[in-house]
Amino acid sequence: MAQKSWEALEETCYSCKKCRLWELRTNVVIGKGNPKADILFVGEGPGQQEDLQGQAFVGAAGKLLDKMLASVGLSLETVYITNIVKCRPPGNRDPQEDEKQACLNYLRYQLKLIEPKIIVCLGRVAATTIIDPEFRITRQRGIWFSKKGYDFIATYHPSALLRDEEKKRPAWEDMKAIRKRWDELKGQ
Ligand code: URA
Ligand code: SF4
């Protein structure tokens, strides 16, 4: 990928066979939203609907995420949403270490194209992969970390909110904190 462009990224990803996840995928899912967003959300990997439709966060978890974003005045016009791995892990199992490492170059490339200021990890897989391997989501969500010039925060994955209603309130507090940090950055 010599030339930095979304076209180059798409071309490379759509034919990628760098890890075993290519074998069962229907579609590679790169991401959606504003390609110049200040805020980048990173999930885990495509689920069944995402794999079938070739679009990130379009299933039940995605619908909840849309609502949470809207509740703090954010939308796909102001954020970009992607995943740690771009192909669906079978049965929605966790992506394995070698699969994550194989795919991370695409996330790094997206970071260079988007140049976000805030990176939001949705759930344990994203947080342990890009903030700290020892990250504990229940204890460390909602806390800001500075790393490599980005502001990082982690919150619960929307799928976790669908399983446990009690996580919704803290996740909403995190969304409000993200909105507030974004307002502060814009005011600078
Ligand atoms: N869960 C994720 O982590 N990513 C998606 O795109 C959909 C569900
Ligand atoms: Fe390539 Fe990533 Fe898909 Fe693996 S998950 S085949 S590295 S695009």
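Mentor: Start with a rule: a residue is near a molecule if one of its heavy atoms lies within 4 Å of it. In this predicted model, local features need pLDDT of at least 70, side-chain atom pairs count only at pLDDT 80 or more, and totals for chains, interfaces and linings use all residues. Residues are numbered from 1 along each chain as written, chains are lettered from A and ligands numbered from 1 in written order, and side-chain values use heavy atoms, without hydrogens and water.

Trainee: Which residues surround ligand 1?

Mentor: Gly43, Glu44, Gly45, Glu50, Ala56, Phe57, Asn83 and His157.

Trainee: Which polar side-chain atom lies 2.8 Å from an oxygen atom of ligand 1?

Mentor: First the term: a polar contact is a pair of N or O atoms within 3.5 Å. Here, the polar side-chain atom belongs to His157. A polar backbone atom of Glu44 is also 2.8 Å from an oxygen atom of ligand 1. For Asn83, a side-chain N or O atom is 2.7 Å from a nitrogen atom of ligand 1.

Trainee: How do I read pockets and cavities?

Mentor: Rolling a probe the size of a water molecule over the atoms shows where empty space is left. On a 1 Å grid over the protein atoms alone, a cavity is a set of points where a 1.4 Å probe fits but cannot get out. A pocket is an open set with protein on both sides within 12 Å along at least five of seven lines. Lining residues have an atom within 4 Å of a point. Points are joined across faces, edges and corners, and a volume is the space filled by probe spheres set on them.

Trainee: What is the volume of the largest pocket, and which residues lie nearest its centre?

Mentor: The volume is about 640 Å³. The lining has 30 residues, with Glu44, His157, Ser159, Ala160 and Arg163 nearest the centre. Helices (H or I, at least four residues) and strands (E, at least two) are DSSP runs, numbered from the N terminus. Helix 2 (48-53), helix 3 (60-71), helix 5 (124-130), helix 6 (137-140) and helix 7 (158-163) each supply at least two lining residues.

Trainee: How do I read the classes in that lining?

Mentor: Ala, Val, Leu, Ile, Met, Phe, Trp, Tyr, Cys and Pro count as nonpolar, Asp, Glu, Lys and Arg as charged, and the others, Gly among them, as polar. The largest pocket has ten nonpolar, twelve polar and eight charged lining residues.

Trainee: How many cavities of 30 Å³ or more are there?

Mentor: Two. The largest cavity has a volume of about 90 Å³. Its lining has 14 residues, and Cys16, Cys19, Cys87, Cys103 and Tyr106 are closest to the centre. Helix 4 (97-114) gives the largest share of that lining, three residues.

Trainee: Which ligand sits in the largest cavity?

Mentor: A molecule sits in a cavity if more than half of its atoms lie within 2 Å of its grid points. By that rule, ligand 2 sits there. The residues around ligand 2 include Cys16, Cys19, Cys87 and Cys103. By class, this shell has eight nonpolar, no polar and three charged residues.

Trainee: And the second largest cavity?

Mentor: The volume is about 40 Å³. Among the lining residues are Leu65, Met68, Tyr156 and Met175. By class, the lining has eight nonpolar, one polar and no charged residues.

Technical notes: Polar contact = N/O pair within 3.5 Å; in protein donor to acceptor, adjacent residues only side chain to side chain.
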